[in-house]
Amino acid sequence: MGEAHDETFPGSGLDQGSIERLGSPLARQVEVHEALGSTQSRARELAHAGPEDAPHGTLVVCGVQTGGRGRQGRVWGSPAGGLWMSVVLRPDLTAGEAYRVTQAAAVGVAKALWELGVEARIKWPNDLLVDPDGEEGGRKICGILAESSVGEASGRSGRAVAQDPGGRPVDHVVLGVGLNANLDPVDLGVEPGEAATVSSELGGEVHLLALLAKILSRLDHELSRVTGNFAAILDDWKALDCTIGERVRVQSFGNEIQGRAVDLTPGGALIIQGPRGKVEVFEGDVQRLRREI
């Protein structure tokens, strides 16, 4: 990995040694930065160096992201107090299976939050919300981004690799998790009612190292089921879902699709019942429409 980075940020309890002592398979090698443009960019840079320098379980954590990005290049506010992390995965997946990582990760983080007492729900494909049935339609507490690489072809959340008919093996997946932890929602710079934080939901701060340990444990478990028991992951995903059954508008590959989200395919695509029949959507930006009266 080259030069070690261990820039403990005050009061977090997060430093390279403490994280490595967790013994997680997803923290075999660890970089900690007080501030970083993007953990995703740094982890991607490490991943491209190859498995000898950045094996499965290479973890990048930072206290503040100055250039965090979510899906479709959106700015992701990442002030101090959040848990901003990306991990290099080298799973035994084919190109067409890489998108499974996003759904497995969403299940893992959601379960970790429920164990803490935060009732997080999954908005397809990769956001975690609290209070999805409230007037605001849910407040985002966590974003998940998986970027995969297959030789020269790469894409976000399996977008490009899903178009690869050859079933080539995945070289790596960089999984990013941005969790609003010990923050006041106003610190995120979004409109009131758009965001939630772990501390605002629980009424007090959480220990970030313990939170990270819980998330890594859940992620490792769910990711271990991706190749052999993906159907069970989808069952858990549906139990935590807040998209199926809702009227939605989806922007996907420049097209707009409206209808009712009715189910997932065995591969994890969202099935939308529209005026002209059912449509399967593998990636897109979902907006829930007002419920019919």
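What follows is a chat about a predicted model of one protein chain.

Biologist: I'm new to this one, so how many helices and strands does the chain have?

Modeller: In this predicted model, the secondary structure of the chain comes to 6 helices and 13 strands. Buried residues make up 52% of its 293 residues, and among contacts between residues at least 6 apart in sequence, 65% join residues at least 24 apart.

Biologist: Let's take helix 2, then; which of its residues are buried?

Modeller: Helix 2 covers residues 39-48, and its buried residues are Thr39, Gln40, Arg42, Ala43, Leu46 and Ala47. Seen down the helix axis, these buried residues fall within an arc of 165°, so they line one face of helix 2. An α-helix has 3.6 residues a turn, so residues three or four places apart point the same way.

Biologist: What do those buried residues pack against?

Modeller: The buried residues of helix 2 pack against strand 1 (29-36), strand 2 (58-65), strand 3 (83-89), strand 6 (139-150) and strand 8. The face turned away from that buried side carries the exposed residues Glu45 and His48.

Biologist: And what is found at the start of helix 2, and just after it?

Modeller: At the start, a side-chain oxygen of Ser38 reaches to within 3.1 Å of the backbone nitrogen of Gln40, while just after the helix Gly50 takes a positive phi of about 110°.

Biologist: Changing topic, where does Thr197 lie?

Modeller: Thr197 lies in the loop between strand 8 (172-179) and helix 4 (198-202), and Thr197 counts as buried because its relative accessible area is 0%. Leaving aside residues up to four places away in sequence, Thr197 touches Ile141, Asn180, Ala181, Leu183, Asp184, Pro185 and Leu188. The C-alpha atoms of Thr197 and Asn182, which are 15 residues apart along the chain, are separated by 6.8 Å.

Biologist: Now for charges: how many salt bridges does a search of the whole structure find?

Modeller: The search finds 16 salt bridges. One of them is between Glu222 and Arg225, with the closest N and O atoms 2.7 Å apart; Glu222 is buried, at 0% relative accessibility, and Arg225 is buried as well, at 14%.

Biologist: Which other salt bridge does Arg225 form?

Modeller: Arg225 also forms a salt bridge with Asp236, where the closest N and O atoms are 2.8 Å apart. That pair links distant parts of the chain, with Arg225 in the loop between helix 5 (208-224) and helix 6 (230-240), and Asp236 in helix 6, 11 residues apart. Asp236 is partly exposed, with a relative accessible area of 22%.

Biologist: What about Glu256 and Arg249?

Modeller: Their side chains meet in a salt bridge at 3.7 Å, N to O, and Glu256 is partly exposed at 46% relative accessibility, as is Arg249 at 22%. Elsewhere, salt bridges that share partners join Lys111, Glu222, Arg225 and Asp236 into one network.

Methods. Residues are numbered from 1 along each chain as its sequence is written. This is a predicted model: local features need pLDDT of at least 70, side-chain atom pairs count only at pLDDT 80 or more; totals for chains, interfaces and linings use all residues. Side-chain values use heavy atoms; hydrogens and water are left out. Helices (H or I, at least four residues) and strands (E, at least two) are DSSP runs, numbered from the N terminus. Buried means under 20% relative accessible area, exposed over 50%, partly exposed in between (1.4 Å probe, protein chains only). Contact means heavy atoms within 4.5 Å. The arc is that of the directions from the helix axis to the C-beta atoms. A polar contact is a pair of N or O atoms within 3.5 Å; within protein, one must be able to donate a hydrogen and the other to accept it, and residues adjacent in sequence count only if both atoms are side-chain atoms. A salt bridge is a side-chain nitrogen of Lys or Arg within 4 Å of a carboxyl oxygen of Asp or Glu.
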